[in-house]
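These are my notes on one structure, taken in the order in which I looked things up. Each entry covers one topic.

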Amino acid sequence: MSVGKSMIKGAHEALVIAKGELESAAVYIPEIVDVAAIRKKLKLSQTAFAERYGLPVGTVRDWEQDRRSPDRAAVVLLSIIDRNPELVAETLAS
């Protein structure tokens with residue numbers, strides 16, 4: 001299916017859902033993660049946190065300033081960092 005046809009199909013589906021004629025598919029609602037709290041608990045600057053865990057510093061900054069939210073994979077990574085930061089750092093260093 002072409003991109004155009006896919007977009008038109010999606011628009012029609014959205015209209016049907018908006019009219020209440022169809023249930024929407026499952027929606028992912030991102031878990032709220034306090035990235036700043038995790039980073040501060042580790043006593044790291046944004047730059048040091050980003051470097052240690054292989055993240056772009058701009059992404060860390062955006063998460064902390066609520067300009068963006070971590071996706072599912074990032075939420076998992078941040079949760080593991082919160083629970084066992086040394087394991088993640090050691091794993092990424094090898």
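Which backbone nitrogen lies 3.0 Å from a polar atom of the side chain of Ser45? I found that it is the backbone nitrogen of Ala48. I counted this as a polar contact, that is, a pair of N or O atoms within 3.5 Å; within protein, one must be able to donate a hydrogen and the other to accept it, and residues adjacent in sequence count only if both atoms are side-chain atoms.

Basis. I worked on a predicted model, in which local features need pLDDT of at least 70 and side-chain atom pairs count only at pLDDT 80 or more, while totals for chains, interfaces and linings use all residues. Residues are numbered from 1 along each chain as its sequence is written, and side-chain values use heavy atoms, with hydrogens and water left out.

Overall fold. I listed the secondary structure and got six helices and zero strands. The order from the N terminus is α-α-α-α-α-α. The radius of gyration is 19 Å, well over the 12 Å that the globule rule gives for 94 residues, so the protein is more spread out than a compact globule. Here the radius is taken over C-alpha atoms, and the globule rule is 2.2 Å times the number of residues to the power 0.38. Helices (H or I, at least four residues) and strands (E, at least two) are DSSP runs, numbered from the N terminus. Along the principal axes, the C-alpha atoms fill a box of roughly 50 × 25 × 20 Å.

The cut-offs are under 20% relative accessible area for buried, over 50% for exposed, and partly exposed in between (1.4 Å probe, protein chains only). The accessible surface comes to about 6900 Å², and 57% of it belongs to carbon and sulfur atoms. These areas come from the Shrake-Rupley method with a 1.4 Å probe; for residues, only the protein chains shown count as cover. Taking contacts (heavy atoms within 4.5 Å) between residues at least 6 apart in sequence, I found that 48% join residues at least 24 apart. The protein has 13 positive and 13 negative charges, and their mean positions are 3 Å apart. Lys and Arg count as positive and Asp and Glu as negative, without His and the chain ends; the place of a charge is NZ of Lys, CZ of Arg, CG of Asp or CD of Glu.

The loop between H2 and H3. I went back to Ser45, which lies in this loop. Ser45 is partly exposed, at a relative accessible area of 41%. From Ser45 to Thr59, 14 residues along the chain, the C-alpha separation is 14 Å. Lys43 lies in the loop between helix H2 (35-41) and helix H3 (46-52) as well. Its relative accessible area of 76% makes Lys43 exposed. The phi of Lys43 is positive, near 60 degrees, and the residue is not glycine. Most residues other than glycine have a negative phi.

Which residues of H4 are buried? I listed Thr59, Val60, Asp62, Trp63 and Glu64. They pack against H2, H3 and H5. Asp66 sits in the loop between helix H4 (57-64) and H5. Asp66 also has a positive phi, about 55 degrees, although it is not a glycine. With 68% relative accessibility, Asp66 is exposed.

H5. Ser79 is placed in helix H5 (residues 72-83). Buried or exposed? At 17% relative accessibility, Ser79 counts as buried. A polar atom of its side chain lies 2.8 Å from the backbone oxygen of Val75. I took the C-alpha separation of Ala74 and Asp34, 40 residues apart along the chain, and got 12 Å.

Glu90 lies in helix H6 (residues 85-93) and is exposed, with a relative accessible area of 54%. Glu90 is 32 residues from Gly58 in sequence and 23 Å from it, C-alpha to C-alpha. Ser94 is in the segment after H6 and is exposed at 79% relative accessibility.
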